[in-house]
Amino acid sequence: MNHLNSLADLEVPAAPVAQQPAAEKITLVKARGSLVWDDAGREYIDCTAQAWSNNLGANDPRVVEAAVAQLREMTHIRPNFESIPHKNLVAKLREISVGSLNRTGFALHGSLAGEMAMKLAFKNRPHAQNLVVLQDGYHGRSLATLGASWPHPNNPFLAIQPRFTRVPHPYPYRARMGMDPEAESQLCLGLLEDTIVKGVDGPVAAVMMEPIQGNGGHIEFPRSYYKGVREICDRHGVLLIFDEVQTGFGRMGTMWAAQYYDVTPDIIVFGKGVGGGFPLAGILADDRLKWFDEGEEALTFGHFPVSLAAACATIDAIRDDKLCEKAKDSGEYVTERLLEMQTRRKLIGDVRCPGLMASIELVTDRVTKAPARHASQEVYRRGVELGVLFGESRYAGLGNLIKVKPPLDIERPLLARALDVLDEVLGAIEEEGK
Ligand SMILES: Cc1ncc(COP(=O)(O)O)c(C=O)c1O
């Protein structure tokens, strides 16, 4: 009956799964570290790090001071001019980058950084008009990145989007036809290579993928997949883009997922955690690639100096406070706790925790692995009542994921409390379902 576990047997929602109950949005007024407060003074442990962006705890005084100092000097500098925070940040990113990914471009949103990466790929493969992406990928909400992302059913913007070719990817917990995850990884690599060679009209400029699919359901691939994709790209002269908007800046227990999986892409897209709570994103590109010519990549606020100054302070703090090590350590603690919980809570189908990118997939039945969507909505809702904000799947995936992704420097008692609440809530939901 293993084949029942395959994704194709599940009813995948045709529209985004509305995870948040229709209740009014919480109005947040204050944040410090891993805590946030609402307008009624209620305190919450923030296991969402505000869309996984506060890798460094919220409102870190070092970041706030750096931003305020820059605000006092000059709020806006157009990218035609050089600026001190730009020079400093370029140098810092070079220090923490991988391989020869030494060229930097900036934007204020991960989506636009993703488009910058696509443009650079086309610039360097001028005769190629195709991009290959993975089926459960998420790269943003600009027109182009939306086309490369979930949810693809019911997409009203299709007519004015570039065409992407989606390939299947491994999903170890739900491997096709009950396959061994390693065999499924080889199958998916074969399908990727087939697609590049004969599945699209004309050459492929790049394969773009998240090392771990964040919004698609925290799907991590077998290690062989990452190396295999790199080899296939090299064999066919295709560039490899890692979208590290979620996995970058320490979330995995390493600065980059590229280091965690020991595979160097040609371009990394980054965002979220880099700005310490200020809007910033960008790309790191191999310095052997041709860079943009004047005017090809020009965003008015692309070098917003306040965000750049905040990012310099954030990177210093990530290094000074050893946040990669902390993420690894806290991630191990969370994994241990969740695996123990899984022995008692039947709703937990799978536990996935590389670094502090932790999550559980809830199922109504461990044999069929049918997604427990209602239960995950309830976990979210009851978590709020008990003062914990858990992450949930919103745009994609099966709508049955609960994420524990607080700031990387969360204090152990707060993390323990959040997991106690998760355990309590799961227990109550299971009890009521009997
Ligand atoms: C992997 C990934 N790429 C890109 C984006 C888009 O970033 P932004 O919302 O800053 O445009 C996101 C946002 O969730 C993401 O998770």
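In which strand is Asp350 found? In this predicted model, Asp350 belongs to strand 13, which covers residues 348–352. Its relative accessibility is 18%, and Asp350 therefore counts as buried, the limit for that class being under 20%. The side chain of Asp350 also takes part in a polar contact of 2.7 Å with the side chain of Arg352.

The ligand was examined next. It sits in the largest pocket. An oxygen atom of the ligand and an N or O atom in the side chain of Ser111 are separated by 2.5 Å. For Asp243, an N or O atom of the side chain is 2.7 Å from a nitrogen atom of the ligand. Gly110 contributes through its backbone, where an N or O atom lies 2.8 Å from an oxygen atom of the ligand. Taken alone, the ligand exposes 390 Å², of which the protein buries 84%.

Helix 9 comprises the 16 residues 305–320. The expected value follows because 1.5 Å is multiplied by one less than the number of residues. Helix 9 is mostly covered, with 13 of its 16 residues buried. Just after helix 9 comes Lys322, with a positive phi of about 50°. Lys322 is located in the loop between helix 9 and helix 10, the latter formed by residues 323–344.

Most residues other than glycine have a negative phi. Lys322 has a positive phi although it is not a glycine. Ala49, likewise not a glycine, has a positive phi of about 45°. Ala49 lies in helix 1, which consists of residues 49–52. Because its relative accessibility is 0%, Ala49 counts as buried.

Attention then turned to pairs of residues separated along the chain. Gln135 lies in the loop between strand 5 (130–134) and helix 5 (143–147). With a relative accessibility of 31%, Gln135 counts as partly exposed. Although 33 residues separate Gln135 from Pro168 in sequence, their C-alpha atoms are 5.4 Å apart in space. Ile232 is part of helix 7, residues 223–236, and counts as buried because its relative accessibility is 3%. Between Ile232 and Glu193 the separation is 39 residues in sequence and 6.4 Å in space, C-alpha to C-alpha.

A further pair involves Glu297, which is placed in the loop between strand 12 (281–285) and helix 9. Why does Glu297 count as partly exposed? The reason is that its relative accessibility is 21%, whereas the buried class requires a value under 20%. Glu297 and Trp52 are 245 residues apart along the chain, and 27 Å separates their C-alpha atoms.

Notes: Residues are numbered from 1 along each chain as its sequence is written. This is a predicted model: local features need pLDDT of at least 70, side-chain atom pairs count only at pLDDT 80 or more; totals for chains, interfaces and linings use all residues. Side-chain values use heavy atoms; hydrogens and water are left out. Helices (H or I, at least four residues) and strands (E, at least two) are DSSP runs, numbered from the N terminus. Buried means under 20% relative accessible area, exposed over 50%, partly exposed in between (1.4 Å probe, protein chains only). A polar contact is a pair of N or O atoms within 3.5 Å; within protein, one must be able to donate a hydrogen and the other to accept it, and residues adjacent in sequence count only if both atoms are side-chain atoms. Accessible areas come from the Shrake-Rupley method with a 1.4 Å probe; for residues, only the protein chains shown count as cover. On a 1 Å grid over the protein atoms alone, a cavity is a set of points where a 1.4 Å probe fits but cannot get out, and a pocket is an open set with protein on both sides within 12 Å along at least five of seven lines; lining residues have an atom within 4 Å of a point. A molecule sits in a cavity or pocket if more than half of its atoms lie within 2 Å of its grid points.
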